[in-house]
Amino acid sequence: MGPPESAAELAPDAVELREPEPASPGEEPEDVEAADAPDPGRCWPYGARACGGSRGEPEAKKKAPCPGLGLFYTVLSAFLFSAASLFVKKVQGVHAVEISAFRCVFQMLVIIPCLIYRKTGFIGPKGQRLFLLLRGVFGSSAMILMYYAFQTTSLADATVIAFSCPVFTSIFAWIFLKEKYSLWDAFFTLFAIVGVILIVRPPFLFGSDTSGMNKNYSEHIKGTFAAIGHAVLAAMTLVILRKMGKSVDYFLSIWYYVILGLPECIIILFVMGEWSLPYCGLDRLFLILIGLLGLGGQIFITKAVQIEKAGLVAIMKTMDIVFAFIFQIAFFNNMPTWWTVGGALCVVASTTGATIRRWVQSSK
């Protein structure tokens, strides 16, 4: 992955705008529990569920997620997305929008049987459909921009710029989820912006120095703006996913992502006239792997956001930067410039500082 509505409350079956307390991450919404409760004056059948709730407590404890599970899902998602970006860079002669379309097709073929098996339907809860639509539009647009950035600038540069995402996530979470945004957050935001500037190297600050760029500066700027656009849209997507919480099945969330992303890609390709078949069997294999790895990344990031705070997930997801540096050196024999390293350090320092601040606040 406009953003969630600013009203304090939505429809009765929607998740409350204020973020839920983390003390009970495994709990289902109260209206679901109420729907499962027996009518007044009668008890549950023997062995099904206790009337008073004393026997229901162990069952609730089983549903509570393991501590740190959301962060583990985030790191795993980061690895899968980074591997997919590696194959995007490897594909030759196929436009980024077409790669996005192929990914949507492959993911759709996997998602449809999953939705049928889980019996979740294809539309979603009535109170969440608007957010599902926004999630689909923002998420698919972010994917297209990210793939374009990978094709027009280096893997490390595009990844570092894109993962200024926590800066925008914190701002959007402050506006729409009512999370706190202090002067420290503003400082970390400024630090991340400095990191992006070091990578972009605008001529009015750095002159005509383009050392270390494999492509001309105009292509580098295009990739830069695409990566920044991805960061903004991905932040919106994260906040929307957190707002929906566990009231929406994660496969349904991905379904909206692909069912809206595919026609979006087809329309753009038709307008641009960029449709072309992959050249060889290896490129076609890469396209399949992009779809499968992207699907895995989507599943794990959606699961992570459902059980962990949106800001913390966005911060932890900057592990993509580490994987991008490793892949760029190992597979492209392209050492990142010192500007990229400095920018990455600023971004990582910014997100790390925000993480430490959150831990300090939660421990008080």
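I worked with a predicted model, in which local features need pLDDT of at least 70, side-chain atom pairs count only at pLDDT 80 or more, and totals for chains, interfaces and linings use all residues. Residues are numbered from 1 along each chain as its sequence is written, and side-chain values use heavy atoms, with hydrogens and water left out.

I found 14 aromatic pairs in the structure (rings of Phe, Tyr and Trp, the last by its six-membered ring, with centres within 6.5 Å; planes under 30 degrees apart are stacked, over 60 edge-to-face, the rest tilted). One of them is the edge-to-face pair of Phe-79 and Phe-323, with 5.4 Å centre to centre and 80° between the planes. Phe-79 belongs to helix H3 (residues 69-90) and Phe-323 to helix H14 (residues 319-332), so this pair ties together parts 244 residues apart in sequence (helices are DSSP runs of H or I, at least four residues, numbered from the N terminus). Phe-323 is buried, at 15% relative accessible area. I also noted that ring pairs link Phe-79, Phe-323, Phe-327 and Phe-331 into a cluster.

I then turned to Ser-164, which lies in the loop between helix H6 (155-162) and helix H7 (165-176). Ser-164 is buried at 6% relative accessibility. Leaving aside neighbours within four places in sequence, Ser-164 is in contact with Val-196 and Ala-231 (heavy atoms within 4.5 Å).

Technical notes:
Helix = DSSP H or I, 4+ residues; strand = E, 2+ residues; numbered from the N terminus. Buried < 20%, exposed > 50% of the residue type's maximum accessible area, 1.4 Å probe, protein only.
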